[in-house]
Structure formats: structure tokens, C-alpha cells
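Here's a quick tour for anyone meeting this structure for the first time. Have a look at the view below, then read on.

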Amino acid sequence: MTSRPAQIAAALLAGILFGFGLALSGMLDPARVQGFLDIFGNWDPSLAFVLGGAVVVAFAGVTLSKRMRRPVLDTQFHLPSNNRIDARLIAGSAIFGLGWGLAGFCPGPAVASLSLGLWQTMLFVAAMLAGMMVHDRAYRTQRAPAHRPA
Amino acid sequence: MSAYLSSLAGGMLIGLSAAILLVLNGRIAGISGIVGRLAQGANISVNLAFVLGLVAGPVLFLALFGSWPQVTITVGWPLIILAGLLVGFGTRMGSGCTSGHGVLGLARLSPRSFVAVLSFLTAGVLAVTLLRGMGL
């Protein structure tokens with residue numbers, strides 16, 4: 001079955017579960033996120049349980065998906081095919097990690113906590129979208145010479 | 001509920017969300033990817049539904065528990081802007097964040113995601129240690 005309305009409903013349900021899970025877990029609180037990353041200071045290890053719990057349940061989903069020829073609501077799985085461990089992966093993740101530590105926000109919690117209406121999270125999300133656009137422009141320019149006319 | 005229990009329960013719900021999106025839609029629940037594709041106008045209806053649900057999650061928390069989840073902002077606007085730019089740029093360059101690489105990547109036993117998680121955790125620890133060193 002490939003049904004756009006069903007896919008939309010599934011995405012909405014997944015989004016609500018994700019946002020509620022973040023709220024319950026404590027990940028929405030930048031002070032706690034920074035406490036989790038403060039391993040040389042006043043370390044708060046509780047957020048490790050968020051990742052642990054999430055990975056275990058997601059692993060069950062991954063295992064189930066491997067036994068399926070296609071997802072329930074689509075004709076094929078849309079999974080990343082890039083296996084390369086390169087400088088882009090490591091540097092990009094490090095740049096992300098620096099930003100994550102500086103403000104205590106990663107993309108999910110930042111977007112979810114927009115509902116609280118704090119100007120700081122709105123500013124963060126706006127800056128994050130700008131950062132994405134800056135990357136995409138810089139990368140296109142950098143890659144341009146590779147696209148020679150046929 | 002203790003902080004550890006609520007963190008574990010919240011994490012399991014995040015994992016359930018990721019499992020649902022994978023098994024039903026065949027998609028990775030990577031927030032930076034979903035938000036980025038939405039900003040680019042790709043697959044708008046499905047991605048928008050996920051993001052609206054994500055924003056509605058804390059509202060459900062408010063309805064069930066009678067108060068908003070705790071959000072303590074710790075830094076001023078200059079650092080918020082810098083951090084946002086770094087997070088946006090870095091997640092595009094590294095193709096993922098705490099959800100895509102962290103939750104799904106580790107669950108898929110992807111060596112690429114293990115390296116990404118190691119990299120962003122190390123950098124996050126470095127950033128907080130620097131902040132603490134500067135008395136922030």
C-alpha cells in the first residue's frame with residue numbers, strides 16, 4: 001500500500017512521539033544537556049539513558065525492517081547509502097558538536113521547544129537554518145568545477 | 001519519577017518514533033535531515049507533518065503533566081546565534097545529528113555513524129569544558 005495520507009499520518013504520529021519523548025527525557029533542557037557534556041566538571045550522566053533507551057527500541061525497529069521487503073506505506077526503504085568515513089563526516093560532526101555544547105541545543109530539541117515560545121529557541125532555529133543554507137551554498141560553489149559540461 | 005527513569009522512558013519513546021517512521025514510511029528519523037529537506041521544499045506534506053508533530057510533543061506533555069518541560073537557557077544571544085550557525089552548518093556537512101547518526105545510525109550498527117557520534121560527543125565535551133573554563 002502506498003498512500004500519501006497514511007504516510008502523513010504516520011509522520012505526524014512519529015513526530016508527536018518524538019517531541020513528547022524529548023520533553024519527558026529532559027533533552028529539551030540546555031542546562032541538562034550541558035551538564036551531560038560536562039564530564040570534567042559537575043557531570044550529570046542521566047541523559048545517557050535517553051540515547052540508550054532510544055537505540056535499543058530503534059534497534060528492534062531496524063531488525064523488523066530488515067525482514068520486510070518494503071515499508072508498510074511505501075514501495076521502498078529510503079536509507080543512506082554513503083558508507084564513507086571521511087574528513088567531511090568527522091569535521092562536520094565536530095562543528096555540530098561544538099555548537100551543541102555551546103548552547104545545549106541540537107536540532108530536535110530546538111525545534112520541539114519552539115512550542116514554548118521562547119525567543120532564544122526561535123533565534124537558535126533561525127541561525128541553524130541559516131547555517132544549513134550557508135553550507136549548501138559553499139558546498140555547491142566548491143563542487144562546481146567538478147561538473148564539467150559534457 | 002526520577003530523572004534517570006524519565007530519561008529512559010523518553011528515550012524509548014524516541015526510539016519507538018524512529019522505529020515507526022522506518023517500518024511504516026521507510027524513512028530515517030533524522031531531525032536535521034527532515035528539517036533541511038523541509039526548508040528545501042522536498043516532500044513537504046510528510047516532512048511538515050513530522051515537524052508539526054515534533055512541536056506538538058511538548059504541548060502533549062503540558063496537557064498530561066500540567067506544566068511545560070524544563071527549558072533553561074544558559075547563554076546569551078551572541079552564543080545562541082553562533083551555536084545555531086555551527087549546528088546548521090555541521091549537521092549538513094556531516095549528514096546528520098544526534099537523531100540520525102546517534103539513534104538510527106547506532107541502531108543500524110553503521111560504522112560511519114559511530115565515528116560521527118564519537119566526533120560530536122568529543123566536540124560537545126570540548127565546548128562545555130571551554131565554556132566552564134571561561135566561567136560561563
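Before counting anything, a word on terms: helices here are DSSP runs of H or I with at least four residues, strands are runs of E with at least two, and both are numbered from the N terminus. Keep in mind as well that this is a predicted model.

Let's begin with chain B. Its secondary structure comes to six helices and zero strands, so going by those DSSP runs, the order from the N terminus reads α-α-α-α-α-α. The chain has 136 residues, and 60% of them are buried. As for contacts in chain B between residues at least 6 apart in sequence, 41% join residues at least 24 apart.

Now zoom in on one helix of chain B, α5, which covers residues 98–107. How many of its residues are buried? It's 10 of 10, so by the cut-off of 20 or more other C-beta atoms within 10 Å, the helix is mostly covered. Among the buried residues are Thr98(B), His101(B), Val103(B) and Leu106(B). What do they pack against? The partners come from both chains, and here they are:

| Chain | Elements that the buried residues of α5(B) pack against |
|---|---|
| A | α3 and α5 (107–112) |
| B | α1 (3–25), α2 (31–39) and α6 (111–133) |

Helix α1 of chain A (residues 4–25) packs with α1(B) at an angle of about 165°, and their axes are 7 Å apart. Angles over 145 degrees count as roughly antiparallel, and that is why α1(A) and α1(B) are described as roughly antiparallel to each other. The crossing of α1(A) past α1(B) is left-handed. Sorted by class, their contact has 16 nonpolar, nine polar and no charged residues.

Last stop: His78(A). You'll find it in the loop between α3 (48–66) and α4 (87–103) of chain A. Is His78(A) buried, exposed or in between? It has 13 other C-beta atoms within 10 Å, which is why it's partly exposed: exposed would take 12 or fewer, buried 20 or more. Leaving aside residues up to four places away in sequence, His78(A) touches Gly26(B) and Arg27(B). Gly117(A), by contrast, sits 39 residues from His78(A) in sequence and 33 Å from it in space, C-alpha to C-alpha.

Technical notes:
Residues are numbered from 1 along each chain as its sequence is written. Chains are lettered from A and ligands numbered from 1 in the order in which they are written. This is a predicted model: local features need pLDDT of at least 70, side-chain atom pairs count only at pLDDT 80 or more; totals for chains, interfaces and linings use all residues. Two residues are in contact if their C-beta atoms, placed from the backbone, lie within 7 Å. Axes are lines fitted to C-alpha atoms, for helices over the stretch in contact, and angles run from 0 to 180 degrees between N-to-C directions. Angles under 35 degrees count as roughly parallel, over 145 as roughly antiparallel, 65 to 115 as roughly perpendicular and the rest as oblique. A crossing is left-handed if the near helix is turned anticlockwise from the far one by less than a right angle, and right-handed if clockwise. Ala, Val, Leu, Ile, Met, Phe, Trp, Tyr, Cys and Pro count as nonpolar, Asp, Glu, Lys and Arg as charged, and the others, Gly among them, as polar.
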